[in-house]
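Open the model in your viewer and keep the selection panel at hand. This tour goes from the whole chain to a single side chain.

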Amino acid sequence: LALSAGPAAATTNCVIDPAASSVRFTAWQLFGLPVLGEFTAFGGNLSLDEARPERSSAEIVVDTTSVDTQNPDTDDFIRSESMLDSTRYPTAVLKTSAFDPSSAADMLVRGELALKSKRRPVAIPFSYRLSANSGPGDRRVIADGSFEFSRLNFDVGTGLWTSTFLFHEPIRVTVHLEVDCPR
């Protein structure tokens, strides 16, 4: 069986440029007022298979303590035990299981989001493109995706904060990644 599979596809291990990338979120509170923020510390890896993009894989790790809403009180609340519980769960992880190309510039990325003690499947539509060389021998992949998840499925908002009147469902996450891939 191993012989019939053919040679292994060549993959390239790519590195996220955190200065050019972002992980942002929008949550809605009482009366539908938005809470906009981002996580300033994240990283991960992308294994890119240009010949067969569907065989690519990625793992993104977000430091939940790095939340930044431009309001220290809101940041402390989001990190609190009632919300992300960043003391016990300092990271959230998105690990891919499939890349499904729908066109030359669009891909549906399927995977699992691990947040707090919960793991749930997610599907994220991404648009992507290769840019000019970012350095000698490098290529840059630029990818943008957005998805929503139910905060209650991850125990984000416990006690009083389980009320969807006080803190609405869902939460939207927007990801912009610029990833350098050596040739």
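**Whole chain.** Start with a cartoon view. This is a predicted model. The protein chain has 1 helix and 11 strands. Trace it from the N terminus: the order of elements is β-β-β-β-β-β-α-β-β-β-β-β. Now switch to the C-alpha trace. Along its principal axes it spans about 55 × 40 × 30 Å. Colour by burial next. Of the 183 residues in the chain, 37% are buried.

**Largest pocket.** Select Val23, Leu94, Phe147, Val173 and Val175. These residues lie nearest the centre of the largest pocket. In total, 49 residues line that pocket. It holds about 940 Å³ of space. What classes of residue make up the lining? Colour them and see: 40 are nonpolar, 6 are polar and 3 are charged.

**The loop at Asp49.** Move to the loop between β4 (42-48) and β5 (57-63), where Asp49 sits. Show its side chain. Is Asp49 buried or exposed? Asp49 is buried. Which side chain of opposite charge is nearest to Asp49? Select Arg55, which is 4.8 Å away. A salt bridge needs a side-chain nitrogen within 4 Å of a carboxyl oxygen, and Asp49 has no salt bridge.

Stay on Asp49 and select Arg52. Show backbone atoms this time. The backbone nitrogen of Arg52 lies 2.9 Å from a polar atom of the Asp49 side chain.

Conventions
Residues are numbered from 1 along each chain as its sequence is written. This is a predicted model: local features need pLDDT of at least 70, side-chain atom pairs count only at pLDDT 80 or more; totals for chains, interfaces and linings use all residues. Side-chain values use heavy atoms; hydrogens and water are left out. On a 1 Å grid over the protein atoms alone, a cavity is a set of points where a 1.4 Å probe fits but cannot get out, and a pocket is an open set with protein on both sides within 12 Å along at least five of seven lines; lining residues have an atom within 4 Å of a point. Grid points are joined across faces, edges and corners, and a volume is the space filled by probe spheres set on the points. Ala, Val, Leu, Ile, Met, Phe, Trp, Tyr, Cys and Pro count as nonpolar, Asp, Glu, Lys and Arg as charged, and the others, Gly among them, as polar. Helices (H or I, at least four residues) and strands (E, at least two) are DSSP runs, numbered from the N terminus. Buried means under 20% relative accessible area, exposed over 50%, partly exposed in between (1.4 Å probe, protein chains only). Lys and Arg count as positive and Asp and Glu as negative; His and the chain ends are not counted. A polar contact is a pair of N or O atoms within 3.5 Å; within protein, one must be able to donate a hydrogen and the other to accept it, and residues adjacent in sequence count only if both atoms are side-chain atoms.
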